[in-house]
Amino acid sequence: MEANALTANAAAAQLDVERVRGEFPALHQQVHGKPLVYLDSAASAQKPSAVIEAVDHYYRHDHANVHRGVHALSERATNAYEGGREAARRFLNAESVSEIVFVRGATEGINLVAQSYGRPRLGVGDEVLITEMEHHSNIVPWQLLCEQTGATLKWVPIDDRGELLPDEYQRLLSDKTRIVAMTHVSNALGTIVPVHDMVVQAHAAGAVVVIDGAQAVPHVDVDVRAIDADFYTFSGHKVYGPTGIGILYGKHALLEAMPPYQGGGEMIKYVSLERTVYNDLPYKFEAGTPNIAGAVGLGAALQYVKGYGLDAIAGHEHRVLEYARQRAESTPGMKLIGTAAHKASILSFEIDGIHPHDIGTVLDHEGVAVRTGHHCAMPVMQHFGVPATARASLAMYNTQAEIDALFAGIDKVKEWFN
Ligand code: 7TS
């Protein structure tokens with residue numbers, strides 16, 4: 001099998017993983033009397049002290065509502081909140097903070113684009129193109145949009161390694177395609193999608209592209225301008241930030257032309273009982289009191305990740321994933337689901353004759369946290385003809401020794417059930 005591809009910088013970069021581990025308090029605990037081995041970061045990553053302390057400091061000293069008061073605390077809260085936005089702008093290399101909308105997470109980012117960009121524009125005869133390996137949050141909003149507008153949903157199939165079929169993509173793109181929505185990294189398979197090439201093709205067909213970066217931003221250096229993404233969204237909690245906060249990036253001209261997603265305070269300039277003048281970007285899309293502490297924590301998380309650098313993080317994770325893949329291949333009865341040439345973070349697997357939930361339960365007793373189920377990607381499970389998989393997912397704090405613990409746990413699973 002081809003090795004997972006990496007940039008030369010990532011391959012060369014080193015990460016001081018023991019230092020990183022020291023910065024994540026939750027990693028240092030026992031579960032069922034065994035040291036915790038946390039291999040479920042694709043569902044949600046643990047938090048470094050830098051994030052916990054930023055949120056703590058904000059609530060202890062600076063909390064007030066934002067953008068409204070002239071008093072000192074409100075000004076500090078506003079600065080802290082807008083600091084999070086600037087951190088996200090830098091993290092994605094967006095041109096302007098006006099293109100950075102705070103949302104609850106990737107799910108809300110995608111729904112916002114579907115309803116605010118798609119709903120007024122699409123109709124019968126138009127098509128939305130997704131892929132077979134999307135998370136449900138990048139399927140259902142488009143099904144809803146198609147029901148509402150009469151547009152048709154199409155999808156690009158995957159092969160048995162979990163890679164998109166490029167010829168099928170080219171064939172499915174046409175002047176009917178108005179929106180292409182795709183993941184950057186698959187949460188069920190780990191496949192890294194060549195988003196830039198696919199954006200170029202989509203643009204040539206006249207479509208706008210929405211990229212679900214939920215599984216990409218912790219592992220891949222994302223530059224929305226280099227990708228030329230029209231919209232890019234991610235959740236804070238998977239990139240070491242708090243839950244309930246995420247980012248929707250959108251090109252200024254597109255966001256400018258879209259109606260608000262929700263109405264309320266903050267998103268207006270002027271309201272009379274007859275009419276409303278909406279606020280400037282990005283506030284037009286941020287109705288109501290926002291998740292201020294979340295934005296503060298997300299800013300701290302993005303700075304934390306940038307501090308180590310995506311090259312060093314990706315290089316380290318790649319080495320651990322590669323080690324895990326090799327161990328899996330030499331483990332009798334173990335089958336990997338998702339063997340794309342370019343992968344990040346994810347080791348989805350089955351063990352002959354053993355239900356994934358039983359694997360997860362025995363591993364938990366060994367202190368090893370993995371996720372079992374359909375991973376909110378039921379079409380992927382349908383493709384591979386399985387109801388569920390067990391999934392170990394890596395973050396910057398995982399080590400080769402933890403992969404050894406995973407495989408020692410898998411030996412226990414086999415002892416139990418064989
Ligand atoms: N897109 C992808 C690719 C995801 O993996 C997830 C969550 C989402 C979107 C939704 O993110 P949310 O923060 O808005 O909920 N994925 C997973 C997972 O793999 N296990 O639990 C959640």
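Begin by selecting the residues that line the second largest cavity, which divide into six nonpolar, three polar and one charged; here Ala, Val, Leu, Ile, Met, Phe, Trp, Tyr, Cys and Pro count as nonpolar, Asp, Glu, Lys and Arg as charged, and the others, Gly among them, as polar. The selection is Ser41, Ala42, Ala45, Gln215, Pro218, His219, Lys238, Tyr240, Leu394 and Ala395. This is a predicted model, in which local features need pLDDT of at least 70, side-chain atom pairs count only at pLDDT 80 or more, and totals for chains, interfaces and linings use all residues. Residues are numbered from 1 along each chain as its sequence is written, and side-chain values use heavy atoms, with hydrogens and water left out.

The second largest cavity has a volume of about 50 Å³, and the count comes to two cavities of 30 Å³ or more. On a 1 Å grid over the protein atoms alone, a cavity is a set of points where a 1.4 Å probe fits but cannot get out, whereas a pocket is an open set with protein on both sides within 12 Å along at least five of seven lines, and lining residues have an atom within 4 Å of a point. Grid points are joined across faces, edges and corners, and a volume is the space filled by probe spheres set on the points. Colouring by domain shows that this cavity lining draws at least three residues from each of domain 1 (8-46 + 309-417) and domain 2 (51-306), with bounds from an automatic or database domain assignment.

Next, select the ligand and the 15 residues that surround it, of which the closest are Thr107, Asp212, Gln215, Ser235 and Arg391; a residue is near if one of its heavy atoms lies within 4 Å. A side-chain N or O atom of Asp212 is 2.5 Å from a nitrogen atom of the ligand, while a polar side-chain atom of Gln215 lies 2.7 Å from a ligand oxygen atom. The shell divides into four nonpolar, eight polar and three charged residues, and because domain 1 and domain 2 both give residues to it, the ligand lies between them.

Finally, move to the largest pocket, which holds about 900 Å³ of space and is lined by 38 residues, with His184, Ile192, Val193, Val220 and His342 nearest its centre. Helix 12 gives the largest share of this lining, six residues; helices are DSSP runs (H or I, at least four residues), numbered from the N terminus. The pocket also lies between domain 1 and domain 2, because both give residues to its lining.

Definitions and conventions. Polar contact = N/O pair within 3.5 Å; in protein donor to acceptor, adjacent residues only side chain to side chain. Helix = DSSP H or I, 4+ residues; strand = E, 2+ residues; numbered from the N terminus.
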